[in-house]
Every structure is written in structure tokens, then in C-alpha cells.
Amino acid sequence: MATEPSWLRSPGDRPGRAWAMMTRMAALACVCCVAFGPAGAAMMLLDFERDEDVGIWHDEGKDALGADKHLERVKRFAASGTHSMRFATPAWRPAEHGGRHKWPAFEGKPPVTDWSPYDRLVMEIVNVTASPQRLMLFITDSKRPTRSGLIHRETLPPFGYVQAVVDLRRGFAQKKVNPADIQKMHFFTESPPADMVLHLDRFLLLEPGEALPTLPASYLREFVAMQAPGIEATRQAVAGAGARMARAAAGKQSIAEWVPPVSRKSLLRLF
């Protein structure tokens with residue numbers, strides 16, 4: 001029976017280091033501290049509750065996706081409804097690619113093409129891998145080439161979350177894109193450092209003055225659960241460092257006087 005490529009499978013929990021745990025917790029703090037408000041006249045562009053929401057995407061200039069990437073609806077990290085879109089593509093391996101950089105990409109025509117009433121596009125994105133990842137987006141109309149359109153860039157920390165907010169008014173004005181004729185959204189990344197797996201959801205168009213949307217409690221619970229292995233690994237690392245410090249101080253009066261007795265339990269109280 002055929003098995004799916006390793007880069008398609010969700011990465012397992014991996015031990016973290018102290019700095020990595022701090023990065024993830026900082027990302028969680030950003031999630032919880034966002035100012036929220038009612039959606040008002042916001043337009044839900046895509047929330048991936050239908051197969052058609054994934055089916056609109058394809059390779060540049062083609063009708064289907066290439067074998068180097070995979071998009072699917074999954075019941076995980078849903079900011080709206082019960083599904084998100086999972087984007088997976090393998091790591092850049094210079095030896096296999098002749099040293100050339102790779103730009104895995106997908107594009108599609110949005111279901112709403114008149115964006116003139118809106119000043120922001122908001123998207124929820126989670127990186128479920130232990131490596132930082134980048135995701136970029138071109139938005140353009142029927143007359144301008146893809147790479148001449150508005151461009152937005154995001155860097156996602158390991159096991160991190162980003163609420164991407166695209167400034168449409170400014171971006172369209174700078175690139176002379178017609179907001180009433182939006183024909184293409186082109187997502188891409190560059191030479192992923194590790195197998196890349198992102199979850200994208202709730203592509204929302206906001207009118208001026210509308211507040212950013214809230215995240216459901218289920219989303220936050222999933223995000224917190226994703227941090228647990230890294231936090232436990234950091235606890236163990238701190239406890240191990242404390243034990244080594246205590247052993248080094250043993251028998252050396254000058255050190256022992258200022259190194260308090262260390263126990264795993266007392267160190268874990270820090271976390």
C-alpha cells in the first residue's frame with residue numbers, strides 16, 4: 001500500500017530549548033493580547049468550510065497543483081467554522097535541487113473580486129513545525145502582472161501564530177492595483193528550511209474602522225497544547241542545569257555558600 005511522503009505528515013512533538021519556548025510563549029501572548037471587537041460589515045472571503053475553498057488554488061498559469069505541494073481541508077486550527085486549510089511542502093534540499101532555490105507557490109481567483117469597500121485583509125496562520133517559516137502573498141488585478149501587484153510578507157516563528165493584516169489601501173495605491181478588479185492571490189515561500197506545514201484560515205476583508213476579529217477558545221486551546229512538549233523539555237533542561245550546578249558546588253565552600261540547595265521540584269516551580 002502506498003504511503004504519503006514524510007513531508008505531508010504533521011511533524012511530531014520535538015523537544016525545545018529555553019529560547020524556543022520563550023519564542024512560542026511570546027507568540028501566544030500576542031494571540032491573547034490582540035484588541036478585538038465586533039465584525040460589523042466584514043466580508044468573509046474564505047474560511048475553508050467547503051471543498052471549493054481549497055479547489056480554487058493551482059500552480060501559476062496552470063489548472064492544478066504541482067506534486068511539490070499539498071493543500072487540504074482539515075479539522076485543526078479553525079478560526080471560523082470547523083476547518084482550516086493545511087499547506088504542506090517539503091524542505092529545500094540543495095543537493096537534490098542542484099543548489100537552486102525553490103519557490104513553492106499556489107494561486108487562485110478569490111470568490112469576491114470587488115475589494116474597493118475594504119482597507120484590510122486579515123488571515124490567521126499557524127506554523128506547526130519546529131523551524132521558522134516564511135509566507136508571502138501577491139494580490140493583483142486583471143491588468144497588472146502578478147509580481148507587479150501588492151506584496152505582503154510574514155515570518156512565522158517555530159510553533160508560532162500570526163494574525164496577518166494586509167494594508168490594502170496603501171498597497172493597492174503604491175502598486176496601482178484596481179481594488180474593484182482583484183483577480184489573483186498568489187501565495188509563495190522560498191526554500192523552506194524544513195518540511196513546511198502551515199494552517200491558514202479566516203480570510204476576512206474589513207472596512208475602515210472595523211476591529212480585528214476574535215479567536216475562538218478552541219483555537220487557543222489547540223495552540224497552547226502545541227506548546228506543551230517544548231515547555232516540558234525546557235523544564236527538564238532547567239532542572240538538569242540546576243542539578244549540574246549543585247554537583248559542581250559540592251565540596252567547594254566558596255561556591256556552596258552562594259549556591260542554594262537545588263531540587264527538581266523547586267526549579268519546576270519557576271514554570
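These are my notebook entries on a predicted model, written as I looked things up.

**Entry 1: the overall count**

I started with the parts list. The protein has 6 helices and 10 strands. Of its 271 residues, 44% are buried. Then I looked at how the chain meets itself. Taking contacts with a separation of 6 or more, I found that 78% of them join residues 24 or more positions apart.

**Entry 2: the open sheet**

Which strands make up the open sheet, and in what order? I read the order as β4-β9-β6-β7, so 4 strands with antiparallel pairing. The edges belong to β4 (105–108) and β7 (150–156), and each of these has a single partner strand, so one side of each is left without a neighbour in the sheet. From one strand to the next, the twist averages 15°.

I went on to one pairing inside this sheet. Strand β6 (residues 133–141) and β9 run antiparallel and are joined by 6 bridges. I picked out F138, whose bridge partner in β9 is H186.

**Entry 3: β5 and β8**

Next I looked up a pair of strands, β5 (residues 120–127) and β8. They pair in the antiparallel sense, over 7 bridges. One residue I followed was V122, and its bridge partner in β8 is V165.

Is β8 mostly buried or exposed? I found 5 of the 7 residues of β8 (residues 161–167) buried, so this strand is largely enclosed by the rest of the structure.

I checked the backbone angles at two residues. K176 has a positive phi of about 60°, although it is not a glycine. R202 is not a glycine either, and its phi is positive too, at about 50°.

Where do they sit? K176 is in the loop between α3 (168–175) and β9 (182–188). R202, on the other hand, is found in strand β10 (residues 196–206).

Their surroundings I looked up next. K176 has 64% relative accessibility, and the cut-off for exposed is over 50%, so K176 counts as exposed. R202 has a relative accessible area of 7%, and buried means under 20%, so R202 is buried.

**Entry 4: the largest pocket**

Then I went looking for open space. Rolling a probe the size of a water molecule over the atoms shows where empty space is left. The largest pocket has a volume of about 250 Å³. I sorted the lining by kind and got 5 nonpolar, 2 polar and 7 charged residues.

**Entry 5: D59**

My last stop was D59, in the loop between α2 (51–55) and β2 (70–74). Is D59 buried or exposed? At 13% relative accessibility, D59 counts as buried.

Which residues does D59 touch, leaving out those up to four places away in sequence? I listed A64, L65, G66, K69, A105 and E107.

Note on methods: Residues are numbered from 1 along each chain as its sequence is written. This is a predicted model: local features need pLDDT of at least 70, side-chain atom pairs count only at pLDDT 80 or more; totals for chains, interfaces and linings use all residues. Side-chain values use heavy atoms; hydrogens and water are left out. Buried means under 20% relative accessible area, exposed over 50%, partly exposed in between (1.4 Å probe, protein chains only). On a 1 Å grid over the protein atoms alone, a cavity is a set of points where a 1.4 Å probe fits but cannot get out, and a pocket is an open set with protein on both sides within 12 Å along at least five of seven lines; lining residues have an atom within 4 Å of a point. Grid points are joined across faces, edges and corners, and a volume is the space filled by probe spheres set on the points. Ala, Val, Leu, Ile, Met, Phe, Trp, Tyr, Cys and Pro count as nonpolar, Asp, Glu, Lys and Arg as charged, and the others, Gly among them, as polar. Two strands pair if DSSP finds at least two bridges between them. Axes are lines fitted to C-alpha atoms, for helices over the stretch in contact, and angles run from 0 to 180 degrees between N-to-C directions. Contact means heavy atoms within 4.5 Å.
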